[in-house]
Amino acid sequence: MSTLEVSNLNDGTTTVATTFVTNGAIKARCVYALNTPALTGSFNCSSLTDRATGRASVNLTSAMSNATYSLLATNLYVTSGSTEYWSCACDDNSNTAQTTSAASVVTTYGDQNEEHFWDSPRVNVSIVGDLA
């Protein structure tokens, strides 16, 4: 096997250091529906594990170097008639620890009085960190 070593990439207009690409880029991303449950689009995500209502694990194709990567997640905004709720998608590390090969996500919604776990029909997840 051959190795290609470069320090910069150039598209004819802009030059960027390869360290920016390898160290700063999103290493995995996916869109999934928990009400189905299934991945509907992904990069470096091999499958989805439905762990409970509102709780899932995104399984990575290529592992991260450690389990302290950043996970960014969003989900649909919830409404019911004229009632509007807040909604949240975030790491579920307090319930199921992240590993180098799986990211735990929880989706919730609520109002000022209560919180509910729910199987959101659209969750977006991005993972930033170093690959192993």
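Mentor: Let's start with Asn44, which sits in the loop between β4 and β5 (45-52); strands here are DSSP runs of E with at least two residues, numbered from the N terminus. Please keep in mind that this is a predicted model, where local features need pLDDT of at least 70, side-chain atom pairs count only at pLDDT 80 or more, and totals for chains, interfaces and linings use all residues. Residues are numbered from 1 along each chain as its sequence is written, and side-chain values use heavy atoms, with hydrogens and water left out.

Is Asn44 buried or exposed? Asn44 counts as buried because its relative accessibility is 12%, and buried means under 20% relative accessible area (1.4 Å probe, protein chains only).

Now look at what surrounds this residue. Leaving aside residues up to four places away in sequence, Asn44 touches Lys27, Ala28, Asn59, Leu60, Thr61, Ser62 and Leu131; a contact means heavy atoms within 4.5 Å. With Lys27 there is more detail: a polar atom of the Asn44 side chain lies 3.0 Å from the backbone oxygen of Lys27.

Next, the strands beside our loop. Strand β3 (residues 26-33) and strand β4 (residues 38-43) run antiparallel and are joined by five bridges; two strands pair if DSSP finds at least two bridges between them. One of the bridge partners in β4 is Leu39, which goes with Tyr32. A hairpin of four residues links β3 to β4.

Notes: Buried means under 20% relative accessible area, exposed over 50%, partly exposed in between (1.4 Å probe, protein chains only). A polar contact is a pair of N or O atoms within 3.5 Å; within protein, one must be able to donate a hydrogen and the other to accept it, and residues adjacent in sequence count only if both atoms are side-chain atoms.
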